[in-house]
Amino acid sequence: MLKANLCGIRERIASVCSKINREPESITIVAVCKNRTVEEIREAIAVGITDIGENKVQEAIAKYNKLSAVSCQLSASKWHMVGHLQSNKVKQAVKIFDLIHSVDSLKLAEGINRQAESFAKVQDILLEVNTSGEASKYGLRPQETIGVIKGLAGFKNLNIKGLMTIAPIVDNPEDARPYFKSLRELRDKINNLRLITYDLQLSMGMSDDFEAAIEEGADIVRLGRAIFE
Ligand SMILES: *Cc1c(COP(=O)(O)O)cnc(C)c1O
């Protein structure tokens, strides 16, 4: 089932990419494994998943350790922290995650930088932006994002890879599109200011709306149910 799901997802990504002239291989699929078992993650890796997403540090560490013990494929996979990161979990997060999607304050970034320095690591991060303005969501306000990027300029152990957003839950995926578009526009604005010398990536789109997200410029989609259910 997992294999068929993934095949179906890849076909849908290829079909969107052909419309917008992008290579399907340029889209990273992060399999969001919260609430999935270690066996399910192993199965996902076996059918070609290379990027594992978790939203709780504790749960991620437990699974990571179990997988390290049993799977020689683990070293090939990249781990993504997609959930809110509490400052008291930073140390453990920096230990295992290749990319932290949820950096939403200068203070958190500072903590990650300090921890990464002590591990002699350069930590890849995304800045989470609350594009919908919903009070229930974490993330920087769009208008404060550029200030935060400027504030991070001196942080030698952080590498800002891009921006992330979580669109509101809507019945029609088209209704999520404006939030994806606004993240892309913010990215373009940052690029135009030449604050960063490379193109920032966009992490946006989940099981119900990843096609709209890719059309609006997503580089990374975060898929849970579409893969596992
Ligand atoms: C759970 C989760 C996802 C995946 O959600 P699905 O709707 O199951 O695809 C993506 N991103 C974040 C931040 C999540 O918490």
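## Asp-51 and its polar partners

The side chain of Asp-51 makes a polar contact with the Thr-50 side chain at 2.6 Å (a pair of N or O atoms within 3.5 Å; within protein, one must be able to donate a hydrogen and the other to accept it, and residues adjacent in sequence count only if both atoms are side-chain atoms). Another polar contact, also given as 2.6 Å, links the side chains of Asp-51 and His-80.

This is a predicted model, where local features need pLDDT of at least 70 and side-chain atom pairs count only at pLDDT 80 or more, while totals for chains, interfaces and linings use all residues. Residues are numbered from 1 along each chain as its sequence is written, and side-chain values use heavy atoms, with hydrogens and water left out.

## Where Asp-51 sits

You will find Asp-51 in strand β2, residues 51–54 (strands are DSSP runs of E, at least two residues, numbered from the N terminus). Leaving aside residues up to four places away in sequence, Asp-51 touches Thr-28, Ile-29, Val-30, Ala-31, Lys-78 and His-80 (contact means heavy atoms within 4.5 Å).

## The ligand

Now to the ligand: the residues around it include Val-32, Lys-34, Ser-207 and Arg-222 (one of their heavy atoms lies within 4 Å of it). An oxygen atom of the ligand is 2.7 Å from a polar side-chain atom of Lys-34. For Ser-207, a side-chain N or O atom is 2.5 Å from an oxygen atom of the ligand. A nitrogen atom of the ligand lies 2.9 Å from a side-chain N or O atom of Arg-222.

Conventions. Helix = DSSP H or I, 4+ residues; strand = E, 2+ residues; numbered from the N terminus.
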